[in-house]
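Subject: Structure handover

Hello,

Here is the structure for you to look through. My notes on it follow below.

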Amino acid sequence: MTCRLIAETELSDGQDAQLRRLLAKAFPDRAEHFRRQSWWLARPQWRLILSDDGVPVAHLGIERRRVGVGDDDVYVAGIGHVCTDPAYRGRGLGLELMKHLHAVLPAPYGLLTCSPAVQGFYQAAGWVEVAPGVTMTNVYTGETIESFTHPAMVLGDNFPSGRPIDIRGLPW
């Protein structure tokens, strides 16, 4: 197994096609979408990819962004598109991917939202719940959308928790 951090601008067409296949398998409810593009809402700036003999088997996307936490601006690495090929699940690859993320995190904190069903996985990888959800402000229209169905979790020490989080844009 190898793990590589690849800038979105350096991703080849072949690598993108491999990621689209992986994401379609990992997220069958969104398979049609992922067959067309390898991201959901906000396009990541980097991809952290764990490969087996050159084939991606685990993946996450990273987007560095300045978000609002209460009245403060905080730089975070928004984490999304976290997945493992269903044929490789149960082997600890998700935790291995998270270990590599610790080493390459391009901001003081990682930030993600997740379903309660996978919250235990993230806690085992060192993530801490900091809010019951987030607010998303459309930076062009000012429209605000609140999402409190998925807890917000942070990787990193001394995050100013307990205050509302506005991710200021589309979720990653």
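Glu-129 stands opposite Met-153 in strand E9. Helices (H or I, at least four residues) and strands (E, at least two) are DSSP runs, numbered from the N terminus. The model is a predicted one, in which local features need pLDDT of at least 70 and side-chain atom pairs count only at pLDDT 80 or more, while totals for chains, interfaces and linings use all residues. Residues are numbered from 1 along each chain as its sequence is written, and side-chain values use heavy atoms, with hydrogens and water left out.

E9 covers residues 152-155. Strand E6 (residues 128-131) pairs with E9 in the antiparallel sense over 3 bridges; two strands pair if DSSP finds at least two bridges between them. Strand E5 (residues 109-113) also runs antiparallel to E9, joined to it by 4 bridges. Here Leu-112 is the residue opposite Met-153.

In a regular strand the side chains alternate between the two faces of the sheet. In E9, Ala-152 and Val-154 lie on one side and Met-153 and Leu-155 on the other, and all of these are buried. Buried means under 20% relative accessible area, exposed over 50%, and partly exposed in between (1.4 Å probe, protein chains only).

**Asp-166**

Asp-166 sits in strand E10 (residues 165-166). A salt bridge is a side-chain nitrogen of Lys or Arg within 4 Å of a carboxyl oxygen of Asp or Glu. The side chain of Asp-166 does reach the backbone nitrogen of Arg-168, at 2.8 Å. Leaving aside residues up to four places away in sequence, Asp-166 touches Val-67, Gly-68, Thr-135, Met-136 and Thr-137 (contact means heavy atoms within 4.5 Å).

**Salt bridges**

There are 9 salt bridges in the structure. One of them joins Asp-85 and Lys-25, whose closest N and O atoms are 2.7 Å apart. Asp-85 lies in the loop between strand E4 (72-84) and helix H3 (93-104), and Lys-25 in helix H1 (residues 13-26), so the pair ties together parts that are 60 residues apart in sequence. Asp-85 is buried at 7% relative accessibility, whereas Lys-25 is partly exposed at 46%.

Another salt bridge is between Glu-63 and Arg-65, with 2.8 Å between the closest N and O atoms. Glu-63 is buried, with a relative accessible area of 14%, and Arg-65 is buried at 10%.

Arg-168 has a salt bridge with Asp-73 (2.8 Å, N to O). This pair links distant parts of the chain, with Asp-73 in strand E4 and Arg-168 in the segment after E10, 95 residues apart. Asp-73 is partly exposed at 46% relative accessible area, and Arg-168 is partly exposed at 28%. Salt bridges that share partners also join Glu-8, Arg-43 and Arg-47 into one network.

**Cysteines**

How many disulfides does the structure hold? It holds 0 disulfides, a disulfide being a pair of cysteine sulfur atoms within 2.5 Å. For Cys-83, the nearest cysteine sulfur is that of Cys-3, 13 Å away. Cys-83 is buried, at 6% relative accessibility. The sulfur of Cys-114 is 15 Å from the closest cysteine sulfur, in Cys-83, which is too far for a bond. Cys-114 is buried as well, with a relative accessible area of 5%.

Regards

Note on methods: A polar contact is a pair of N or O atoms within 3.5 Å; within protein, one must be able to donate a hydrogen and the other to accept it, and residues adjacent in sequence count only if both atoms are side-chain atoms.
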